[in-house]
Amino acid sequence: MQLCREYRIPHSLFRGHGDGTWTDLDRRKALAYEDYLRQVCPSCGTRPDEWDETAGGDEDAYRAITHRCVGCQLIADKQKHVPTGDEGHGVKVLLIPSSVHAALQFQAAHH
């Protein structure tokens, strides 16, 4: 359903059936998926029913773990060097591939 939502196509077409018109079943699936997405916490990605034992969930449904993303670490380290105040307003730290960085450096040095 995620791809159907992204490409705005009926589920029946995604499955290779029909002529691309939205059937009643396609609409019901799309509405159910939207309802599901509204229940998902934007911060942790879980839904209340997953934790609620009276709704078939389990209070131990998930475990919190740590994970280090090297890309996020590089961004956080570089962000420390962004000037404060007006000089730093609008400055964003991005990751670009090393090959692209080298090409940009080469272009800057030769123009």
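A residue is called buried when its relative accessible area is under 20%, exposed when over 50%, and partly exposed in between, using a 1.4 Å probe and protein chains only. By that rule valine 70 counts as exposed, because its relative accessibility is 53%. The structure is a predicted model, in which local features need pLDDT of at least 70 and side-chain atom pairs count only at pLDDT 80 or more, while totals for chains, interfaces and linings use all residues. Residues are numbered from 1 along each chain as its sequence is written, and side-chain values use heavy atoms, with hydrogens and water left out.

**Confidence**
- The mean pLDDT of the chain is 95, and 100% of the residues score at least 70; pLDDT is the predictor's confidence in each residue, from 0 to 100.

**Elements and overall form**
- The chain contains 6 helices and 0 strands, where helices (H or I, at least four residues) and strands (E, at least two) are DSSP runs numbered from the N terminus.
- Read from the N terminus, the order of elements is α-α-α-α-α-α.
- The radius of gyration of the chain is 23 Å, whereas a compact globule of 111 residues would have one near 13 Å; the radius is taken over C-alpha atoms, and the globule rule is 2.2 Å times the number of residues to the power 0.38.
- Along the principal axes, the C-alpha atoms fill a box of roughly 60 × 45 × 30 Å.

**Burial, surface and contacts**
- Of the 111 residues in the chain, 13% are buried.
- The accessible surface is about 9500 Å², and carbon and sulfur atoms hold 55% of it; such areas come from the Shrake-Rupley method with a 1.4 Å probe, and for residues only the protein chains shown count as cover.
- Among contacts with a separation of 6 or more, 14% join residues 24 or more positions apart; contact means heavy atoms within 4.5 Å.

- Histidine 11 lies in helix H2 (residues 11-14), and it counts as buried because its relative accessibility is 16%.
- Apart from neighbours within four places in sequence, histidine 11 is in contact with Met1, Cys4, Asp26 and Lys29.
- Valine 70 and leucine 104 are 34 residues apart along the chain, and their C-alpha atoms are separated by 23 Å.
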